[in-house]
Amino acid sequence: MLARHAESLFWAGRSIERAESTARMLDVTYHGLLEAMPWEAERSWMDLLKVLWLDRPFAELERGVRAATVSEFLVFDPDNPGAILSSVGQARENSRAARELISSELWEAVNSFHLELRSRNLRADVEARPHELYGFVKRSCQMIAGVAGETMPRDDGWRFLMLGWMLERAEMTCRLLDVRYSQLVTAGATGGFHHWLQTLKSASGSEAFRRRYRASMDPADVVEFLLLSRTFPRSVLFCLASAENGLARLEAGRPTLTRPQRLLGRTRSDLEFLDSHELLEGDLHVFLDQMLNGVRQVAESVALQYFRNAQEHDIHALDPYGPVLELG
Amino acid sequence: MALSGLFEGYDPGGFFDEAVTSEGAPRDHYEALVRRLEGLTPHHLAERERVRDAAFRSAGITFTVYGEGEGIERTFPMDLVPRIIPAGEWEHLEEGLIQRVTALNRFLDDLYVGDKAVIKDGIVPQWLISSSDGFQRAAHGISVPHGARCLVAGIDLVRDAEGTYRVLEDNLRNPSGVSYVLENRAAMTRVLPRVFDDHLVRPVDHYGPSLLNALRRVSPAGADPEPTVVVLTPGVFNSAYFEHAFLARQMGVELVEGRDLVVDDHVVSMRTTHGLKRVDVIYRRIDDSFLDPVVFRSDSILGVPGVMSAARAGNVTIANAVGNGVADDKAVYAYVPDIIRYYLGAEPILPNVPTYLLWDADQRRHVLDRMDELVVKPVAESGGYGMLIGPSATDAEIAAMCRRVEADPRGYIAQEVVALSRHPTLVDDHLEGRHIDLRPFVLCGDRVEVIPGGLTRVALRKGSLVVNSSQGGGSKDTWVLASPEARTSRGRP
């Protein structure tokens with residue numbers, strides 16, 4: 001497939017995932033605070049911005065950290081390219097650029113979502129019925145995922161879409177854990193039930209976690225679940241393994257591994273053979289930072305390998321009449 | 001038989017009406033449709049219109065309008081009343097279109113790779129060809145298999161006050177609109193399925209495979225038996241991007257932009273996720289002047305440097321061929337009847353609209369005296385840009401056009417105003433006559449094929465004669481009825 005189309009699909013997947021995660025985390029933060037002490041609010045909103053790596057751009061706006069300002073910034077602020085509205089717009093533009101590769105049903109799902117979101121009074125929704133709004137965003141993103149799954153052939157286009165989707169999700173979960181964990185360290189608190197429940201809910205994992213760990217709310221279990229679950233589709237390991245599988249299928253029949261495959265395999269195995277209790281005794285933050293770095297490097301090498309035509313550069317660099325490699 | 005319901009008070013208004021005779025009775029082939037529409041309430045139709053609009057918007061069937069700040073995405077409004085062409089009438093049109101496009105292909109081949117017999121034999125003057133903006137010297141000597149230089153032609157037809165079909169203009173460069181033919185049909189079957197009852201409408205959805213087939217037939221000699229075809233688009237910001245993506249999807253081929261293609265050693269390849277892949281046929285929807293910055297406009301970033309050299313080397317076929325603009329130059333248009341006679345030795349089946357050539361001093365004087373009765377058009381524009389409609393123009397507009405014509409008589413033509421036929425069209429809660437035209441699409445690979453019907457454009461503004469989408473036009477689903485023999489052979493009553 002065309003390199004440009006592969007890139008568009010990769011980013012379409014990323015943007016949809018980003019919109020969904022943002023909506024879920026906004027929802028959880030907002031509703032978690034309804035039962036919290038007033039002084040916890042500012043810190044929670046700040047943490048949310050950190051998870052999304054938007055704390056600095058937001059601080060520059062000097063709007064004050066409140067539910068309304070942060071929510072508006074994350075939902076529809078035109079200056080925030082990571083806002084839900086912008087992410088969905090990007091997903092739509094990227095789908096449009098690869099329009100003839102995706103099914104009409106998928107395009108219509110993305111386009112309708114974009115149009116409906118734009119036609120809403122988002123300021124009023126954020127103010128008066130945030131749960132309905134975030135529910136709508138989540139449902140729409142999940143519907144897009146479902147439509148994609150039911151209508152897209154499992155070809156390279158699908159693989160690039162999923163690759164973007166899974167890498168974004170892996171990053172989001174890492175960042176979520178990082179922030180939730182560092183919060184505890186800085187606050188010097190043990191955390192407690194609600195803190196970790198909220199974390200799990202942000203990753204849509206509280207029910208799955210319950211079934212697996214029953215009544216426990218041991219931080220080590222939560223970390224283990226979100227990082228290492230082999231069955232939960234938002235765990236970092238699950239996402240990385242899916243992405244790795246996709247990369248392997250892109251290169252079926254190739255005798256050696258590509259650079260993205262090697263980088264991703266390394267990152268995944270660093271994670272897979274980890275002991276979560278050991279991790280909590282060591283420095284989780286340092287480890288998560290390594291993970292995030294690994295994922296970023298994978299994304300960069302995917303871009304180089306598939307979107308920028310590394311092979312093409314290789315071919316042009318090869319001089320057929322150049323010096324022959326001397327063996328021995 | 002009086003008309004009722006939505007047709008209450010319907011007045012053909014002295015024009016040729018497609019659906020209703022001057023006595024106010026439905027024409028035979030509209031009888032069933034008229035009766036069915038009479039049974040619909042305005043309320044029902046309004047509801048159907050909402051369904052239609054929602055369907056078009058969510059499908060993203062839009063075009064971009066320029067000139068109002070940044071481009072705005074609009075849907076192309078489809079009127080809910082279909083246009084019907086009976087089998088016999090269509091046979092006549094089809095024959096005339098095949099004849100015309102066959103002659104135009106011969107003409108272009110003669111100019112670019114032949115010995116210019118048409119000029120030597122004095123049919124078309126040399127200076128007229130060499131002064132045409134559409135004539136591309138860079139295309140000289142580049143041949144196209146089967147001489148299919150107009151791989152896709154869109155021939156605009158109008159019907160005059162007597163109901164005679166005439167050719168208004170030829171579009172031989174990048175005719176657009178075919179996606180609406182297919183989308184309108186799909187929308188009609190969803191929005192008003194029951195109006196198809198009692199009609200046997202010829203399908204149009206084979207356009208994609210037919211186009212792909214034609215494109216494969218023109219792949220260079222010696223190319224892979226399974227040639228790689230691509231659609232080349234200027235990109236998502238182009239007003240017709242929807243159509244480009246639509247066609248690529250209908251054919252199942254890649255939609256590429258200039259930056260996706262590279263030319264190395266006169267071979268065109270596209271950049272894929274697994275390196276370079278050779279391209280054999282480019283269905284380009286980019287104008288000549290932007291196609292290759294090496295040969296044409298050097299500031300074009302939409303084009304593919306070196307693609308013309310690859311075509312000249314016979315390694316890739318560009319469709320439509322470069323330089324077709326010379327044949328749809330509106331001044332050359334006046335010569336097309338002679339061109340048909342010259343190459344095919346037959347009388348043109350479809351007549352032109354009476355046209356005046358303004359470099360001829362007598363004709364020019366005649367035209368300048370009665371500008372307020374004529375239509376004046378720039379020869380190289382399309383899309384209705386820059387034209388003057390005398391009867392509805394102000395004195396200042398006419399004076400300005402007179403000055404432009406006198407400064408550049410080769411640059412304009414004048415035509416008699418055709419009292420375009422009208423068609424019942426939904427206006428609020430009832431039907432009114434609105435002027436229409438028809439753009440059938442003709443495909444040429446190793447043979448010439450016409451897709452039944454085409455795009456009927458309708459001037460939605462009352463009294464307007466301009467049907468272009470960029471100028472407030474809409475469209476209609478266009479039905480060509482199968483002949484009675486086809487009806488019985490398919491086992492339908």
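User: Hello! How many salt bridges does a search of the whole structure find over all chains?

Analyst: Welcome! This is a predicted model, in which local features need pLDDT of at least 70, side-chain atom pairs count only at pLDDT 80 or more, and totals for chains, interfaces and linings use all residues. Residues are numbered from 1 along each chain as its sequence is written, chains are lettered from A and ligands numbered from 1 in the order in which they are written, and side-chain values use heavy atoms, with hydrogens and water left out. A salt bridge here is a side-chain nitrogen of Lys or Arg within 4 Å of a carboxyl oxygen of Asp or Glu. Over all chains, the search finds 61 salt bridges.

User: Which domains does the domain assignment of chain A give?

Analyst: Domain bounds come from an automatic or database domain assignment. The C-alpha centres of the two parts of chain A lie 20 Å apart. The assignment gives domain 1 (1-151) and domain 2 (153-310).

User: How much area do domain 1 and domain 2 of chain A bury between them?

Analyst: Contact means heavy atoms within 4.5 Å, and 33 residues of domain 1 of chain A are in contact with 34 residues of domain 2 of chain A. Buried area is the accessible area (1.4 Å probe) that two parts lose on being put together, summed over both. Of the area buried between these domains, 63% is on carbon and sulfur atoms, and the total is about 2900 Å².

User: Which element gives the largest share of the side of domain 1 of chain A that touches domain 2 of chain A?

Analyst: Helices (H or I, at least four residues) and strands (E, at least two) are DSSP runs, numbered from the N terminus. Between the two domains of chain A there are 7 salt bridges. The elements giving two or more residues to this side of domain 1 are α1 (3-33), α2 (40-51) and α8 (130-151) of chain A. The largest share, 19 residues, comes from α1(A).

User: Is S21(A) buried or exposed?

Analyst: S21(A) lies in helix α1 of chain A and touches M172(A) and R234(A), not counting residues up to four places away in sequence. Buried means under 20% relative accessible area, exposed over 50%, and partly exposed in between (1.4 Å probe, protein chains only). Because its relative accessible area is 3%, S21(A) counts as buried.

User: How many residues does the contact between the chains take from chain B and from chain A?

Analyst: Chain B and chain A bury about 2300 Å² between them, 46% of it on carbon and sulfur atoms. In chain B, the residues that lose the most area to chain A are R249(B), T273(B) and H274(B), together 27% of what that side buries. The contact takes 26 residues from chain B and 30 residues from chain A.

User: Which residue of chain B forms a salt bridge with R4(A)?

Analyst: Across the interface of chain B and chain A, the rule finds 2 salt bridges. In the one formed by R4(A), the closest N and O atoms are 3.1 Å apart. The partner of R4(A) is E257(B).

User: Is E257(B) buried or exposed?

Analyst: E257(B) also forms a salt bridge with R259(B), the closest N and O atoms being 2.8 Å apart. At 53% relative accessibility, R259(B) counts as exposed. E257(B), with a relative accessible area of 10%, is buried.
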